[in-house]
Amino acid sequence: MAAPKELSRAKAHGGFVVKFSHQSSLLGCEMKYSVFLPPNYATNLNHKFPTLYFLSGLTCTEDNFMQKAGGKNVMAELGLIVVSPDTSPRGLGIEGEDDSWDFGTGAGFYVDATEEKWKNYKMYSYITEELPKTVEGHLRIDTAKVGVFGHSMGGHGAIVLGLRNPEKYKSISAFAPIANPMNVPWGKKAFSNYLGATNTSAWSKYDSTTLIESYNGPKRDVLVDQGTSDNFLEEQLQVFKLTSAAETNDKVQVQVRMQEGYDHSYFFISTFVEDHLRWHAEKLSK
C-alpha cells in the first residue's frame, strides 16, 4: 500500500488540520481525507490516540466538516484525532455520475454497490476497511477507542457502520440522519441504482431503522440531534423512526434531541458538535 501524500497543513487550536490523498485500490481512484491532529500528537510520541470518523452528507467532500463544523478547541482539549473522508469516488467517468446532486459523485451513501455500472462505489468497505488501514499505517490510532458520527447521509452511514461493526466502533452519534432510507426518496433513488431496484434484502442491510430492530451485539447508545426547522425532516429524514425502532430492542438506546428552530446546515452542526465530541470522548474512555 502506497503511503498517503500530504496535500496541506494548517494550524488550529494548537493542533493541525492535515489533508491527505491516497490511491484507493478498492474504489479505483484517488481519494482524499482530512485529519485533525491534537496539540499533544507531536510531543507524545509513544501515545496512541482515541479517534473519531466523521461521515459527511450529500454533495460534501473531505473539507466541509473541517472548515465549517468548528469544535477543534474541544478536539484539542480532549486529545482526539478526527478523520473526515470524502463522500464518494470521483472522476471514474461513469455515465450519469455527475447528473444530479443526490446521486453519484458526492453521494456514495456508504453502501457497497452491487449493480455492475456502479461497482466501484463501495464506500461501506472503503470506510470500514481500506481507509482505517491507510490511516493506521501512518497515524498513531488507538484502535480500541474509535467512534463514528456524521450528518444527514453521513448520519445514516454512521449508524449503519456503527451497528454493523460494533467491534470497530465503540460510540455512535448523528446529526439529522436519514433514518429510514428504504422508505424515503433520497434512499430509494440511491439504493435502487446502487443495489438493484428489487433487491430489498440488500437495502435492509443499510437501513438504520431496520438495523436497530434486528441488532444483537453489545449494548450501544446512539446520540442524535435534529433541528425542528429542518426542511428535510418529514420527507427525507424521519428521525422519529429511530426511537420507535429502539423501543423494540433493549440493546440499542437512542436519544433524539429535538433542537428548536435549527435547520439542516452546518450552523446547526457547529452549535452542537462540542456536545458530540465530549459524548464520544466519555464513551471511548470507558
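**View 1. H264 sits in a loop between a strand and a helix.** H264 lies in the loop that links strand 9 (252-259) to helix 10 (266-285); helices (H or I, at least four residues) and strands (E, at least two) are DSSP runs numbered from the N terminus. This is a predicted model in which local features need pLDDT of at least 70 and side-chain atom pairs count only at pLDDT 80 or more, while totals for chains, interfaces and linings use all residues. Residues are numbered from 1 along each chain as its sequence is written, and side-chain values use heavy atoms, with hydrogens and water left out.

View 2. Is H264 buried or exposed? H264 counts as buried because its relative accessibility is 13% (buried means under 20% relative accessible area, exposed over 50%, partly exposed in between, with a 1.4 Å probe and protein chains only). Look next for the side chain of S152, which makes a polar contact of 2.9 Å with the side chain of H264. Such a contact is a pair of N or O atoms within 3.5 Å; within protein, one must be able to donate a hydrogen and the other to accept it, and residues adjacent in sequence count only if both atoms are side-chain atoms. Setting aside neighbours within four places in sequence, H264 touches H151, S152, A176, D230, F232 and L237 (contact means heavy atoms within 4.5 Å).

**View 3. Strand 7 is covered on both faces.** In strand 7 (residues 171-175), five of five residues are buried. In a regular strand, side chains alternate between the two faces of the sheet. Here S171, S173 and F175 lie on one side, I172 and A174 on the other, and all are buried.

**View 4. Strand 7 and its partners.** Strand 6 (residues 141-151) runs parallel to strand 7 and is joined to it by five bridges; strands pair if DSSP finds at least two bridges between them. Within this pair, V148 stands opposite I172 of strand 7. The chain passes from strand 6 through helix 4 (residues 153-164) to strand 7 in a right-handed β-α-β crossover: with the strands pointing away from the viewer, the path from the first strand over the helix to the second runs clockwise. Strand 8 (residues 220-227) is also parallel to strand 7, with four bridges joining them, and S173 stands opposite L223 of strand 8.

**View 5. The whole protein, for orientation.** The protein has ten helices and nine strands. Of its 286 residues, 58% count as buried. The C-alpha trace spans about 55 × 40 × 35 Å along its principal axes.
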